[in-house]
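Please look over the model below before reading the comments. They go from the whole chain to single residues.

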Amino acid sequence: MSQPTIESILQEKRVFSPSSEFSQAAHIKSLQEYQQVYDRAKADPEKFWEELAASELHWFQKWDKVLDWQPPFAQWFVGGKINISYNCLDRHLTTWRRNKAALIWEGEPGDSRTLTYAQLHREVCQFANVLKQLGVKKGDRVGLYMPMIPEAAIAMLACARIGAPHTVIFGGFSAEALKDRLVDAEAKLVVTADGGWRKDKIVPLKEQVDKALANNGAPTVENVLVVKRTAQEITMEPGRDHWWHDLQAGVSGDCPAEPMDSEDMLFILYTSGTTGKPKGVVHTTAGYNLYTHMTLKWAFDLKDTDVYWCTADVGWITGHSYIVYGPLSNGATTLMYEGAPRPSNPGCLWDVVEKYGVNIFYTAPTAIRALIKMGEEHPNARDLSSLRILGTVGEPINPEAWIWYHRIIGGERCPIVDTWWQTETGGFMITPLPGATPTKPGSATFPFPGIIADIVDLEGNPVEDNQGGYLVVKHPWPGMMRTVYGNPERFRRTYWEHIPPKDGKYLYFAGDGARKDEDGYFWVMGRVDDVINVSGHRLGTMEVESALVSHPAVAEAAVVGKPDEVKGEDVFAFVTLEGSIDASEELEKELKKHVVGEIGAIARPGEIRFTDALPKTRSGKIMRRLLRNLAAGEEVAGDTSTLEDRSVLDKLRGGA
Ligand code: PRX
């Protein structure tokens, strides 16, 4: 099995339509209905979103203006007052959902917990009061470095309740990466746990926080709240560190949600880009609430009776939008799982599906490929008949994996919803609507209503059908990121000026290459910039290069993605060493460890190749295209005439 190639995808002609029973019961019932909704939204996007904002969400105060668009800066529902925690919790308490399961949690060692809407509301209010007691005020940033436990969702909702933007830092990031993010966000408080379970091992989260804060590493952090999860020995610094359960005990469960301006910041989430340090993607309150609510409702055809499970980590946007905010805003039952398939328990996901009767299951192609390797006997031995929709996200799905997912997991009856979107977009942008859209394996199909997407060249001109180009969005949408935290210029440059605006018309540049086929289906091919996608995690090659050159033995480093059967891409590093230092296996190991320490295990290079020199152009630019060919074990393709020293290439080949 391999990643989709242009050839394999061009040959992919199969079409799968939902059954008529499925379509009849769906929110959007036919392609014709989708087209009508789409056309209506396209004709007047503001009216379209305004009607949904009024019918789907609770507002403390109505907006004065739907959209204020000062390209590239958008404001949605200007003048409105809203609170997403109110929409996710309080408004359900006056309905039959009060005692409905809001959050079902399955822990890695087999413990579990279910919180009803009333119970979740109480815990969130209590924790919001804890935050207030520690001096956290509206506008203060709170860092969350958590395992996949209910307290992660509780903390996010508590922050939203009092208007303190959270910044969740994935628990797999190193102390160094954690520190960088806490410093950039100027976080006032950190919420963490003593440890978290990850594939039969304990991740020492609190120890990493201690390292990040050592020597005044993140000077704005005043307090650390610690959930007891794994119960291993940790150090608690008096005055700074507090146990969650100590402070939560006895605190009032009454904490009215703060009416927030529509455009008040809800959270910052860091993501990798082409240059420099990861950027803080800023999402605000009302537009994000509406967008995650509507996209989940229609793309996963969410029903009140559904048990919905997204396997992402809350440290990524998928966890934010589609474990916490989207599902709870809809009053759904959302399942959170601390574990992951591993050789010691290859059938664990299917046990969870069976145990809770999961109806909607959402995961990533890399997970599907890993599950295929583990063997179909594991899903086949479980009852998966409760499943009715399967989703995928994070990278292009190869048709073989799509078909396996459809056949083995979905029993050929579940529509596959391949959702293309990004941290920056807040929610799904291109996705099938399962009762309406005939699907083609490997295609994310059509834009969501209200999204005007296209494929263009670098001048912004639309390209012909089936011609590859750059994926762009032509009109603002409520869930879009508003800026890069503290760096609006970077926001403008990265996303809105890469393809220069024409006649005042701005295009959002997603960084992905794609094509549209003769039926209007979008086929996303992958990143066109120096971002690689390792197991669905986004990594800037430059971040890994900076980590490598921060080691004293390294003179220069160039990192590229190498195609990988399961991960999609793996990190492949070419390294030149400082004068007197010799390459060795020991050093290779040490450098890999160094990268893990600087960024986290997700960035560990699969392979490091030592070399005397890197292939460069006469102007000194590293020729990454050649390195990508070499990493993939392919012939070096294309023009090499700009190479400064051809012998470098021959030597690198020799080492292959
Ligand atoms: O390259 C695209 C790929 O993941 C990138 C966004 O990564 P991130 O911000 O980490 O968000 C991941 C989860 C939303 C995109 O630029 N990508 C995401 N979904 C798909 C995809 N590529 C192809 N098909 C998808 N369904």
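The numbered points below describe this predicted model.

1. Overall build. The protein chain contains 21 helices and 30 strands. Its C-alpha trace spans about 75 × 65 × 55 Å along the principal axes. A compact globule of 656 residues would have a radius of gyration near 26 Å, and the 24 Å of the protein chain agrees with that.

2. Packing and surface. Of the 656 residues, 61% count as buried. Among contacts in the protein chain with a separation of 6 or more, 71% come from residues 24 or more positions apart. The chain exposes about 24,500 Å², and carbon and sulfur atoms supply 49% of that area.

3. Charge. There are 71 positive and 88 negative side chains in the protein chain. The centres of these two sets lie 2 Å apart.

4. The cis peptide bond. The bond from Pro-71 to Pro-72 is cis, and its omega is near 0°. Pro-72 sits in the loop that runs between strand 1 (65-70) and strand 2 (73-78). As background for this point and the next, most peptide bonds are trans, and most residues other than glycine have a negative phi.

5. Two aspartates with positive phi. Asp-200, which is not a glycine, has a positive phi of about 70°. Its place is the loop between strand 9 (196-198) and strand 10 (201-203). Asp-301 also has a positive phi, near 45°, and belongs to the loop between helix 11 (285-299) and strand 16 (307-310). Are these residues buried or partly exposed? Asp-200 counts as partly exposed because its relative accessibility is 47%, whereas Asp-301 counts as buried because its value is 2%.

6. His-121. This residue is part of helix 6 (residues 117-133). His-121 is buried because its relative accessible area is 15%, which is under the 20% cut-off. Its side chain makes a polar contact of 3.5 Å with the side chain of Arg-161. Not counting residues up to four places away in sequence, His-121 touches Leu-89, Asp-90, Leu-93 and Arg-161.

7. Met-265. Strand 14 (residues 265-271) includes Met-265. Met-265 and His-166 are 99 residues apart in sequence, but their C-alpha atoms are 9.1 Å apart in space. Leaving aside neighbours within four places in sequence, the contacts of Met-265 include Arg-141, Pro-165 and Tyr-485, and also Val-282, His-283, Thr-284 and Thr-285.

8. Asp-517. What does the side chain of Asp-517 join in a polar contact? The partner is the side chain of Lys-440, at 2.9 Å. Asp-517 lies in the loop between strand 24 (508-516) and strand 25 (522-527). At 4% relative accessibility, Asp-517 counts as buried. Beyond four places in sequence, Asp-517 touches Lys-440, Asp-465, Asn-466 and Trp-523.

9. Arg-527. Strand 25 also holds Arg-527, which is partly exposed because its relative accessible area is 24%. A polar contact of 2.7 Å joins the side chains of Arg-527 and Asp-529. A polar atom of the Arg-527 side chain also lies 3.5 Å from the backbone oxygen of Gly-511. Residues touched by Arg-527, not counting those up to four places away in sequence, are Gln-422, Ala-510, Gly-511, Asp-512 and Arg-538. Arg-527 and Glu-644 are 117 residues apart in sequence and 27 Å apart in space, C-alpha to C-alpha.

10. Leu-539. This residue is found in strand 27 (residues 537-540) and counts as buried because its relative accessibility is 1%. Leu-539 and Val-571 are 32 residues apart in sequence, with 9.1 Å between their C-alpha atoms. Val-571 is one of the residues that Leu-539 touches beyond four places in sequence; others include Ser-272, Ile-532, Val-544, Ile-602 and Ala-603.

11. Helix 20. How many of the eight residues of helix 20 (residues 624-631) are buried? Six are, so the helix is largely enclosed by the rest of the structure. The buried residues are Arg-624, Leu-626, Leu-627, Asn-629, Leu-630 and Ala-631. Just after helix 20, Gly-633 takes a positive phi of about 70°.

Note on methods. Residues numbered from 1 in each chain as written. Predicted model: local features only at pLDDT ≥ 70, side-chain atom pairs only at ≥ 80, totals over all residues. Heavy atoms only, no water. Helix = DSSP H or I, 4+ residues; strand = E, 2+ residues; numbered from the N terminus. Rg over C-alpha atoms; globule rule 2.2 N^0.38 Å. Buried < 20%, exposed > 50% of the residue type's maximum accessible area, 1.4 Å probe, protein only. Contact = heavy atoms within 4.5 Å. Areas by Shrake-Rupley, 256 points an atom, 1.4 Å probe, with all protein chains shown as cover. Lys, Arg positive; Asp, Glu negative; His and termini not counted. Charge placed at Lys NZ, Arg CZ, Asp CG, Glu CD. Polar contact = N/O pair within 3.5 Å; in protein donor to acceptor, adjacent residues only side chain to side chain.
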